[in-house]
Amino acid sequence: MTMFSSSNTFRAADLGCATGPNILLAVQNMIDAVKHSHELPEFQVFFNDQTSNDFNLLFTSLPPERRYFAAGVPGSFRSQLFPRASLHFVHSSYAIQILSTLPKEAVDKSSPAWNKGRIHYSNSAPEAVDAYEAQFAVDMKSFLEPRAEEIVHDGLMAFIVPGHPTGTPHSEAFFNKTLEILGSCLVDMANMGKISYEKVDLFNLPAYLASPHEMEAAVKQNGSFSVEIMEYLHQEKQQPEALASTKRAGFEGILKEHFGFGEETLGRLYHLVCKKFGQQSSTFLESSGDAMNLFVFLKRI
């Protein structure tokens, strides 16, 4: 492949790395795959996330016998993070679905897209869905443009995001149904007087599940990549306790920031979430759509 001809060092980046350890396994798999096809003497791996990420925790979990040089790169992946044509491979897992900002219409009381009483767009008015979709398109544009600068010709990019099938309602996606239950638990806490209804009305999770059609449209609009693979990876649905734990890990920070939750109140919320997942498991886990992840594999052209 021509992308290896100019350097004896293979440079890769993981965008939205968080603190591991799952990403470390992905990095090792990438290195094993490259070594299987090419005899390259050195690997350099850049771990990227927001400046608030705990990079120290990530670095303490790096394997001591690793076969790559590691470096942290703080900053938004919706901006250029690396020099032009410096990366051979880019990876991202469960990060691109997080929006850079909430659609302003969703928290505007005068807008038909105001998402009163809900924390997510999936079962909301069409105007709210449209606002989230438009923000996702803007964010994909600002994600792909820097990657087109950073990745060498014939370089590769792979990412995984939760998705929903083209043409099906967002409300049928398993991931979105779990967020609806989280939202209902926040309303329950407002009913108990633990938080205000206004806080709930103004809280929206900045996440959007794209369809393959939307992903293809974003790549086509950018014009710098070809789609090599785009397919769904079916994921086994988690049981109630594991689901609640996943939601806590994913949204703890934003819940604390918006509602001012302490550990005790946050624990009470996720007790409610786990309980409600359990109560609805016979219908929710069995009747909702499959838990599906969208795998996208692109080549820089």
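Q: Is Tyr 94 buried, partly exposed or exposed?

A: Keeping in mind that this is a predicted model, Tyr 94 has a relative accessible area of 40% and is therefore partly exposed. Tyr 94 is placed in the loop between β4 and α3.

Q: And what about phi of Tyr 94?

A: Phi of Tyr 94 is positive, at about 55 degrees, although the residue is not a glycine. As background, most residues other than glycine have a negative phi.

Q: Where does Asp 154 sit, and what is its phi?

A: Asp 154 belongs to strand β5, which covers residues 151-162, and its phi is near 70 degrees, again a positive value in a residue other than glycine. Asp 154 counts as buried, because its relative accessibility is 17% and the cut-off for buried is under 20%.

Q: How far is Ala 106 from Tyr 270?

A: Their C-alpha atoms are separated by 25 Å, and the two residues are 164 residues apart along the chain.

Q: What does the side chain of Ser 111 do with Ala 113?

A: A polar atom of the Ser 111 side chain lies 3.0 Å from the backbone nitrogen of Ala 113. Ser 111 is itself in the loop between β4 and α3, and its relative accessible area of 15% makes it buried.

Q: Switching to helices, at what angle do α3 and α6 cross?

A: The axes of α3 (residues 126-150) and α6 (residues 212-222) cross at roughly 45 degrees and come within 9 Å. That angle makes α3 oblique to α6, and the crossing is right-handed.

Q: Which residues meet there?

A: From α3 the residues are Glu 133, Phe 136, Met 140, Leu 144, Glu 145 and Ala 148, and they meet Glu 214, Met 215, Ala 218, Val 219 and Asn 222 from α6. Sorted by class, this contact of α3 with α6 has seven nonpolar, one polar and three charged residues.

Q: How about α4 and α8, what are the angle and the axis distance?

A: Helix α4 (residues 174-191) and helix α8 (residues 263-279) have axes that cross at roughly 125 degrees and come within 9 Å. The two helices are therefore oblique to each other, and α4 passes α8 in a right-handed crossing.

Q: What is the geometry of α4 against α7?

A: The axes of α4 and helix α7 (residues 240-259) are 12 Å apart, and the helices pack at an angle of about 50 degrees. That makes α4 oblique to α7, and α4 passes α7 in a right-handed crossing.

Q: And which residues form that contact?

A: Phe 174, Phe 175, Thr 178, Leu 179, Leu 182 and Leu 186 in α4 meet Leu 243, Lys 247, Phe 251, Leu 255 and Phe 259 in α7. The residues of this contact of α4 with α7 divide into nine nonpolar, one polar and one charged.

Q: Last one, Glu 231: which strand is it in, and what does it touch?

A: Glu 231 lies in strand β6, residues 225-235, and touches Asn 293, Leu 294 and Phe 295, not counting residues up to four places away in sequence. With a relative accessibility of 40%, Glu 231 counts as partly exposed.

Q: How far is Glu 231 from Asn 56?

A: Glu 231 and Asn 56 are 34 Å apart in space, C-alpha to C-alpha, and 175 residues apart in sequence.

Key:
Residues numbered from 1 in each chain as written. Predicted model: local features only at pLDDT ≥ 70, side-chain atom pairs only at ≥ 80, totals over all residues. Heavy atoms only, no water. Axes fitted to C-alpha atoms, helices over the stretch in contact; angles between N-to-C directions. Helix = DSSP H or I, 4+ residues; strand = E, 2+ residues; numbered from the N terminus. Parallel < 35°, antiparallel > 145°, perpendicular 65-115°, else oblique. Left-handed = near helix turned anticlockwise from the far one by under 90°. Contact = heavy atoms within 4.5 Å. Nonpolar A, V, L, I, M, F, W, Y, C, P; charged D, E, K, R; others polar. Buried < 20%, exposed > 50% of the residue type's maximum accessible area, 1.4 Å probe, protein only. Polar contact = N/O pair within 3.5 Å; in protein donor to acceptor, adjacent residues only side chain to side chain.
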